[in-house]
Amino acid sequence: MIETQLPAYIALTFVLFSVLIPLFGMWKKEWVQPLAVAGSGLAATLSIYGFISYLNSGPIRYFFGGWEPPIGIEFVYDGLSGFFVLVINVVAFLVLVHSRKIGPLEFPGKEMPYYALAMLAMLGFNGMLLTGDLFNFYVFLEISSLASYALIAIGEKQAPYAALRYLIIGTAGGTLYLLGVGFLYTVTGTLNMIDMAAMLPMYAESTAVVAALILMIVGIGVKAALFPMHGWLPDSYTYAASSTSALIAPIGTKVAAYILFRIMLFIFGIELVDAVAPLSTIVGVLASVGILYGSIMAIAQTEMKRMLAYSSVSQIGYIIMGLSLANPFGFAGALLHVLNHAVMKACLFMISGNLRMKEGHTDISLFDDSYRKKYPWTMASFTIAAISMVGLPPLAGFFSKWYLALGTIDNGNWLFLAVILISSLLNAVYFFRILEKVYMKNPSSEQKEPSDGVRNEVSFSMLAPTSILAMGLIVIGFMNAVIVGILLDIFPL
Amino acid sequence: MIDFFLGHYAYWFTVILLCVGLYGILFKKNLIKKTIGLSIFQVSVVLFFVSIASKWDATVTVRDSSIPVDQVANYLNPLPHTLMLTAIVVGVATLGVAFTLLIAIYNRYGTIDEQELLDEIQ
Amino acid sequence: MDLSIVPLLAILVSLFAVPFILLSSKKPNLRETWTILAGLIKFGLVLSLLPTALRGESVEIHLFDLAPGLPLALNADPFGVFFAIIASGLWIFTSFYSIGYMRGAGEGKQTRYFASFAVCLSATIGIAFSANLLTFILFYEMLTLATYPLVIHKETEKSITAGRKYLAFTLTAGLLLIAAAGMVYTYTGTLDFTPGGLFTEVDLPQHIMLIIFILFLGGVGVKAGIMPIHGWLPSAMAAPTPVSALLHAVAVVKSGVFAVIRVVGFVFGTDVMASYGLGDILIVLAGTTIIIASLLAFAQDNLKRRLAYSTVGHLSYIVLGVALLTPLGMQGGIMHIAAHATMKITLFFCAGAIYVNLHRENISQLNGIAKVMPWTMAAFTIGSMGLAGIPPLNGFVSKWYLALGSLEGDMIVPLIVLIISGLLNVGYFFPIIQRAYFRKGEGLEKHGEASPFMVVPLFSTAILSILFGLFPNLFFSFFDLASSIAATLFTGG
């Protein structure tokens, strides 16, 4: 019984809690964070349950109001959406747990709106993943975006301006997507994704279809921070509060990448995408330029959050490059990287939150080896996440790169292979730079002995999610064969 | 050729509006003007949806006993219009958030000119 | 008794020692007990695999899939056991020596040092027992990371620069290796090390084979110190001497040449190497490296740097032997792994003993030290004579087979290279001995022999090299083992 309605329950959980939080928040302020944790925890449990039930008995389609498509709107819980839902809800749960102590510090008095907005954003993200309707997707896209703009604005002094810039670029992107949907609707007369996938091959040569595809890729590309439409991202992630960055960075761009997967591989199919122009190659090239650009810019940063933001630009490139390869290995690599990057980035942004909590800054040039003494567990987690970002075995990051590399070789695409390898090296440059500072005494400094620091680790509620994610990277690394086995089954061709 | 332009005049207006909106977003320095450009941009897409659903000599989708149900050409397609109701709501909400942010920016920096803001931040 | 778990235990035993080492950081004696205990157990476990290896059989264990179709699998074949015995046996000597050296030199952060050392050994044994390329890469990268803290141990400006250089070289190499493995997997569908190679079934165009080969060469050649990618090795001498001794004479560089043999014999196969003319490339590279490295060794005044260049040269002996693609050459190469390991470790031990005892590290300062350090210099003399290939030391035996191998392949140039380089070896070692014994030293009055912790290990390894030279089969039937390994590589395909 519950299985068939599960997709709706996940979305409804967030609706319910986004109402509950303001109500309770007016009465008892200290309840808002536990409520948000409960909400996201419930959603995470449901998504784990849903994914298991997907593995056992196949996709779940839920028709709202009992109206079957193409008349009604449906939620589709299939392999692709189920996987994404699982990843984002579990990560969001951990991030919200982590925000307990740092939230009141970074945005005092704004806890209630923060958590209510976080629930709304999660509603939007889950809706985007689950919906089986292209216009419905636009609505959820805007729900999540509006909530994200507001979340980002709850931050440092510069945050509202960064949020406004994101709003303008993001809304323009969303509108282009809507225009694309309009084109497709005029051609096919349907908005349902499954319906449309069946109809599109009849209109393969239609200019309107190609124009629609380009408009959608550009529109979603803005949200996914696909190069060169990434301009909004660094400022937004840097000036937002730590918990916001930790929430939005691992989730927001991934969900946008999801719809690119859905459109390019499931609705259009790769033959149709490339029917008129080699669009998949263009997307792939943009992604690889983004990978290199993001990595190089990350090296140039001295502020850890900004560095992580640029690294996000680069990492999203891996995902989209894997998509553009359109072969099973590239697909599995890209999806595995969705999981890996969500875990790594959430972990790294949490660490930057931990440091901001204790040190009040995340300026890399001020890091020194006292950190190792003061925050041994945070730094151990950082080391694991950093090594995984560089892509060394047996950590998770290695395996997504391995599958991506196999995908590029399969297609004989040596340029992309070189990009993956070079960017791994660039990653190594900007992460080992920090590791060097944290684990070694500064050779030019006067003091001979390592700087003394009393152990001053962050509280358990912050440390536990950080370490769980870091441990997760090791577990994912060793279990990747199981995960990739599932992912390869999802591949549509 | 002329037919092509005249026959699609509604779309050409859409395109012109789209360009006006885009111009506002890209080139206006005043953030409120930028936001207005954004709004025009959105409205152009709304108008596009409305125009694709329009038909000559057709009526709204309420059953009229004088027109048989199977004469589809005589009824309008209601879906694009309803979709646009939602899109308009989204647009209004976006404007609301944008103006809230603008107020916050004005309170913090005392200006809403992009160039001055950038100077201020750096 | 079922042996299949033994390879796994042999790898894990030193990893298990790591937490104990870390926990007893305040009690140095207890900490070192753990190291030595782990070393003895490891050696015992590896030895228990010897009877199987001598019968020419392997002990295999499949743990779980690292990637679909690519298990984390261990395979203790004769060649792996051969290498594992050398590495784990010499670790015991090094552990004793480290105690004397680290305490004598008053180095800091000894806990980190011993812990990293234990991880390195796990990785090395893992490399020895890897059954496929992916498992191999996993341990190869683990070795890279675990060695890094040892290279930068002193945390001076110089050692940090050396560490950066080390990472730059080895991480790049790791990426090339990953690319090579990806290509092999794409074209052959397997990565299992097979005597005779993986390419017997597929017929690839010359240029593809050449690309794969060059990628492999870049991947394993860095650790094997093949010119022009040997640059990290002399800089890495900034590490404490026991590190140079074990890692830069045994574990790391020998993993490199081990990998060369794995690639030549077990991935490409000797027949394929010959038919595509890849062996010739290797001969040219190795021959050039031998000569240039020997010449460069002359120019070094720093004792450890001279030893480092000598290492570069001798590693290429092994590579040369393999590249000849003849059974006798292969046998000579494999035996030189053992021979060079025992002799070079002796020399490094001596260099370290001199440094700790007299605080001298330049050759020009070594006048007359044989008077105060007779045992050390005696060992040094044995080691250097062995490297020069003077009978009856073990360097002679392996060189003899290398020479036979080049005659077997009707190649005169490699033979000439061997002879010239033998003379050069004499040329750069003899002045050191001459200074130590026959010149008058200054400021030596107050010094005696180094601590027994150092002298006993260094003299034992010197004795080992004599014994191996006189009776190659005395311990562990090394000679038979080497010849049977070489034989399988030529009849197996």
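User: How many residues of chain C are in contact with chain A?

Analyst: Two residues are in contact if their C-beta atoms, placed from the backbone, lie within 7 Å. Here 23 residues of chain C are in contact with 25 residues of chain A. This is a predicted model, in which local features need pLDDT of at least 70 and side-chain atom pairs count only at pLDDT 80 or more, while totals for chains, interfaces and linings use all residues. Residues are numbered from 1 along each chain as its sequence is written, and chains are lettered from A in the order in which they are written.

User: Which elements give two or more residues to the side of chain C that touches chain A?

Analyst: Helices (H or I, at least four residues) and strands (E, at least two) are DSSP runs, numbered from the N terminus. On chain C they are β1 (59-67), α6 (133-151) and α7 (157-188). The largest share, twelve residues, comes from α7(C).

User: How do the residues of that side of chain C divide into nonpolar, polar and charged?

Analyst: Ala, Val, Leu, Ile, Met, Phe, Trp, Tyr, Cys and Pro count as nonpolar, Asp, Glu, Lys and Arg as charged, and the others, Gly among them, as polar. The side of chain C that touches chain A has 15 nonpolar, four polar and four charged residues.

User: What touches chain B on chain A?

Analyst: There, 22 residues of chain A are in contact with 25 residues of chain B. Helices α5 (134-153) and α6 (159-188) of chain A each supply at least two residues of that side, and α6(A) gives the most, with 13 residues. The side of chain A that touches chain B divides into 15 nonpolar, five polar and two charged residues.
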